[in-house]
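Please work through each task before reading its solution.

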Amino acid sequence: MTAQLIKNELLSMGSPQKAEHAAYFFKTGKGQYGEGDRFIGCTVPETRSIAKTYRNMSFDEIEKLLDDEMHECRLCGLILLVEQFKKADAEKQKSIFDFYCDHIHAVNNWDLVDLSAPYIVGEWLFDKNRTVLYDLAAGRSLWKERISVVSTLAFIRKNDFADTLQLSVQFFDHRHDLMHKACGWMLREVGKRNEPVLTEFLDQYYRQMPRTMLRYAIERFSPEKRIEYMKR
């Protein structure tokens with residue numbers, strides 16, 4: 001089971017048309033957030049299907065995938081880590097968490113963050129000290145910052161909202177709408193589980209929130225309630 005075998009399978013499924021579309025969709029142009037990223041042109045389901053065959057791959061080979069220039073190789077490496085984490089005991093989960101943090105440079109687009117951070121970082125930190133989230137949030141790196149807040153999805157699913165709310169406030173003045181969207185998404189997830197908590201938060205902060213964050217946060221509200229918040 002080698003990284004090269006996986007890459008060969010991904011290449012066999014690749015499509016130049018899909019690769020071109022992905023390069024546009026993930027903003028790989030000069031000065032854009034995904035500048036320089038390269039794509040094979042595989043779908044996520046195709047990549048997941050390949051990962052299933054290699055679910056017991058060693059860290060050494062996963063490292064090669066994470067260091068690959070092709071987006072789908074890094075995606076596959078992260079899927080492998082998530083799948084291994086789900087089935088691991090605590091000792092192995094700690095190793096996967098540490099490995100993920102050591103290779104965080106590879107988690108360098110929003111899809112890579114979103115499919116991995118809650119399921120490794122969030123799950124591991126749920127019953128532990130969460131200082132690492134605030135270190136990531138202060139890292140002045142868009143992807144580390146996104147990891148910090150999206151990881152809290154694991155907490156939200158267990159009705160633990162405090163870090164989501166605190167980090168969202170911290171990112172009110174963030175320069176990039178990808179962070180506003182991520183925070184709004186997490187706030188919406190809070191509201192799905194406890195609408196009064198979200199409403200109390202919004203009533204306190206809606207004037208300070210970026211409009212994109214607010215719009216995402218209130219997506220599940222009634223049309224009348226959405227209009228009320230947006231016009232205030």
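**Exercise 1: Cysteines**

Cys76 is buried, with a relative accessible area of 0%, where buried means under 20% relative accessible area, exposed over 50% and partly exposed in between (1.4 Å probe, protein chains only). The model is a predicted one, in which local features need pLDDT of at least 70 and side-chain atom pairs count only at pLDDT 80 or more, while totals for chains, interfaces and linings use all residues. Residues are numbered from 1 along each chain as its sequence is written, and side-chain values use heavy atoms, with hydrogens and water left out.

Task: determine how many disulfides the model has, a disulfide being a pair of cysteine sulfur atoms within 2.5 Å.

Solution. 
1. The count by this rule is zero disulfides.
2. Cys73 is in no disulfide, and the nearest cysteine sulfur, that of Cys76, is 7.5 Å away.
3. That distance is too far for a bond.
4. Cys73 also counts as buried, at 0% relative accessibility.

**Exercise 2: An aromatic pair**

Task: classify the ring pair of Phe172 and Tyr205. Rings of Phe, Tyr and Trp (its six-membered ring) pair if their centres lie within 6.5 Å; planes under 30 degrees apart count as stacked, over 60 as edge-to-face and the rest as tilted.

Solution. 
1. The count of aromatic pairs by this rule comes to 13.
2. For Phe172 and Tyr205, the ring centres are 5.6 Å apart and the planes stand at 70°, so the pair is edge-to-face.
3. The pair links distant parts of the chain, 33 residues apart: Phe172 is in the loop between α11 (162-170) and α12 (177-193), and Tyr205 is in helix α13 (residues 195-205). Helices (H or I, at least four residues) and strands (E, at least two) are DSSP runs, numbered from the N terminus.
4. Phe172 is buried at a relative accessible area of 7%, and Tyr205 counts as buried at 18%.

**Exercise 3: The two sides of α3**

Task: which residues of helix α3 (residues 44-53) are buried, and which are exposed on the other side?

Solution. 
1. Thr47, Ile50 and Ala51 are buried in α3.
2. These residues cover an arc of only 105° around the axis, which puts them on the same side of α3; the arc is that of the directions from the helix axis to the C-beta atoms.
3. Pro45, Lys52 and Thr53 are exposed on the other side of α3.
4. The buried residues of α3 pack against α1 (3-13) and α5 (71-87), contact meaning heavy atoms within 4.5 Å.
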